[in-house]
Amino acid sequence: MTTLFDILSVLLALVALGSAFADFRGLPQIQALMNRLGYRPGFERALGSIKVVGAAGLLVGLEFHGLGVAAAAGFTLYFVLALRAHRSVSDPFNETAPAAGLAVLSTLTVLAGVLS
């Protein structure tokens, strides 16, 4: 299970870093999403920072297992809260699917970490 945890951790970290990059660039679709969800302008940079710190935790967790499991748990909470935010504005499935998929990936990473 350690190999599975490592693979899932790296995958989740790469996705989080890609998403953080989009947050920091201030892409119009990200700004529109933040506006629709009711967040103040620039809030996406705070979310990007959280993703970078979480990704770092996952990568350092490859060596310090407990930290990686904690980072994956933090991402699970992050994406569950993202789903809640999308649901609060009645977003359609295509808007909530990425957060749902990443919540599942984060949860699987936690489970693989706990079981290894």
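These legends go with close-up views of a predicted model.

**View 1. How helix α1 sits against helix α3.** Here we're looking at α1, residues 2-25, packed with α3, residues 43-60. The angle between the two is about 160°, and their axes lie 8 Å apart. That angle makes α1 roughly antiparallel to α3, because anything over 145 degrees counts as such. As for handedness, α1 passes α3 in a left-handed crossing.

**View 2. The residues where α1 meets α3.** Zooming in on the contact, the α1 side brings S9, V10, L12, A13, A16, L17, S19, A20, D23 and F24. Facing them from α3 are E44, R45, L47, G48, S49, K51, V52, A55, L58 and L59. Sorted by class, this contact holds 12 nonpolar, 4 polar and 4 charged residues.

**View 3. The largest pocket and its centre.** This pocket has a volume of about 630 Å³. Its lining takes in 26 residues, and the ones nearest the centre are L33, K51, Y78, A82 and H86.

**View 4. Which helices build the pocket lining.** Two or more lining residues come from each of α1, α2 (28-37), α3, α4 (65-88) and α5 (93-115). The top contributor to the lining of the largest pocket is α4, which gives 8 residues.

Notes:
Residues numbered from 1 in each chain as written. Predicted model: local features only at pLDDT ≥ 70, side-chain atom pairs only at ≥ 80, totals over all residues. Heavy atoms only, no water. Axes fitted to C-alpha atoms, helices over the stretch in contact; angles between N-to-C directions. Helix = DSSP H or I, 4+ residues; strand = E, 2+ residues; numbered from the N terminus. Parallel < 35°, antiparallel > 145°, perpendicular 65-115°, else oblique. Left-handed = near helix turned anticlockwise from the far one by under 90°. Contact = heavy atoms within 4.5 Å. Nonpolar A, V, L, I, M, F, W, Y, C, P; charged D, E, K, R; others polar. 1 Å grid on protein atoms, 1.4 Å probe; cavity = no way out; pocket = protein on both sides within 12 Å on 5 of 7 lines; lining within 4 Å. Points joined across faces, edges and corners; volume = space filled by probe spheres on them.
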